[in-house]
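This briefing looks at one residue in its surroundings and then at pairs of charged side chains. Please keep the sequence and the structure in view while you read.

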Amino acid sequence: MKTKITIIILFFFFRINAQKIKIDTLLNFENYIVSIKKINSNLKREKSNFEIELQDVLSKEDNMHNKSIIKEKYLFEKYKGFAKKENKELFLKTDNKDWKPIKLNPNSEEIENLLFDIYLTENLYVVRTQWGEGNGFKLVNKLNGDITESFGEPCLNNKGNIIITYNIDLVAEYTETGFEFFTNNKSIEYVGKFNPSNWGPEWGVHTIQDKFIFKCYSLDDYMNPEYFYIEVEIKKR
């Protein structure tokens with residue numbers, strides 16, 4: 001009887017949760033306004049050069065940590081002289097010619113730091129940090145080695161001066177679901193964040209000016225994903 005009651009409660013929880021999904025949002029931060037609205041789109045995600053060149057290897061691997069290890073080796077080869085590993089510790093070359101060590105936080109469950117991407121023109125390194133459960137990201141300023149942590153993968157505009165990081169984890173909830181907003185002008189500055197309660201972004205791309213499109217999903221009553229697109233615009237006040 002107890003199991004039956006639990007199932008009924010869960011059913012109504014997800015039913016109520018699904019009915020309360022709110023997409024269109026206006027976020028007011030200190031120096032920026034961010035608008036989020038649902039749009040009609042059939043935009044497809046383009047594969048990166050890494051995914052295209054190593055598609056045969058990646059097709060045999062479904063663990064994101066292992067895929068990140070493969071990607072790091074690919075980046076080490078592509079960007080020789082910018083990153084290295086010594087005793088499993090990651091080092092990144094800064095513009096002042098120093099090697100910046102990317103250390104694990106002893107106060108958390110960080111297991112490994114892996115080079116995830118390099119944006120040379122934008123002076124940005126992206127590091128994926130594996131935890132005991134889940135993962136996070138570190139945005140590393142290539143000019144001076146300053147580290148800014150984020151719960152999501154970054155998406156940059158064409159000028160590289162706006163960064164939106166995004167993540168979705170609706171079921172396990174090891175990590176936050178939503179967006180974080182940053183500016184990138186010689187230093188990475190935190191603008192703010194937005195955590196929707198019952199939907200989140202799967203991937204995103206920059207489109208024009210300061211607008212981005214993200215493919216998102218929510219979960220229906222039976223935990224099946226329902227996909228939709230949103231447009232995110234960030235403007236200075």
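This is a predicted model: local features need pLDDT of at least 70, side-chain atom pairs count only at pLDDT 80 or more; totals for chains, interfaces and linings use all residues.

A residue is called buried when its relative accessible area is under 20%, exposed when that area is over 50%, and partly exposed in between.

- Ser218 lies in strand β15, which covers residues 211-219.
- Because the cut-off for buried is under 20%, Ser218 counts as buried at its relative accessibility of 3%.
- Leaving aside residues up to four places away in sequence, Ser218 touches Ile21, Leu170, Asn198, Trp199, Asn224, Pro225, Glu226 and Phe228.

**The salt bridge of Glu72 and Lys85**

- Glu72 and Lys85 form a salt bridge in which the closest N and O atoms are 2.9 Å apart.
- This pair links distant parts of the chain, since Glu72 belongs to helix α4 (residues 64-78) and Lys85 to strand β3 (residues 83-86), 13 residues apart.
- Glu72 counts as buried at 5% relative accessibility, whereas Lys85, with a relative accessible area of 27%, is partly exposed.
- Glu72 and Lys85 are also linked with Glu112 in a network of salt bridges.

**Two further salt bridges**

- Glu110 forms a salt bridge with Lys138, with 3.4 Å between the closest N and O atoms.
- That pair, too, links distant parts of the chain, with Glu110 in strand β6 (residues 110-119) and Lys138 in strand β8 (residues 135-141), 28 residues apart.
- Both Glu110 and Lys138 are buried.
- The side chains of Glu51 and Arg45 meet in a salt bridge at 2.8 Å, N to O, and Arg45 is partly exposed, with a relative accessible area of 44%.

Note on methods
Residues are numbered from 1 along each chain as its sequence is written. Side-chain values use heavy atoms; hydrogens and water are left out. Helices (H or I, at least four residues) and strands (E, at least two) are DSSP runs, numbered from the N terminus. Buried means under 20% relative accessible area, exposed over 50%, partly exposed in between (1.4 Å probe, protein chains only). Contact means heavy atoms within 4.5 Å. A salt bridge is a side-chain nitrogen of Lys or Arg within 4 Å of a carboxyl oxygen of Asp or Glu.
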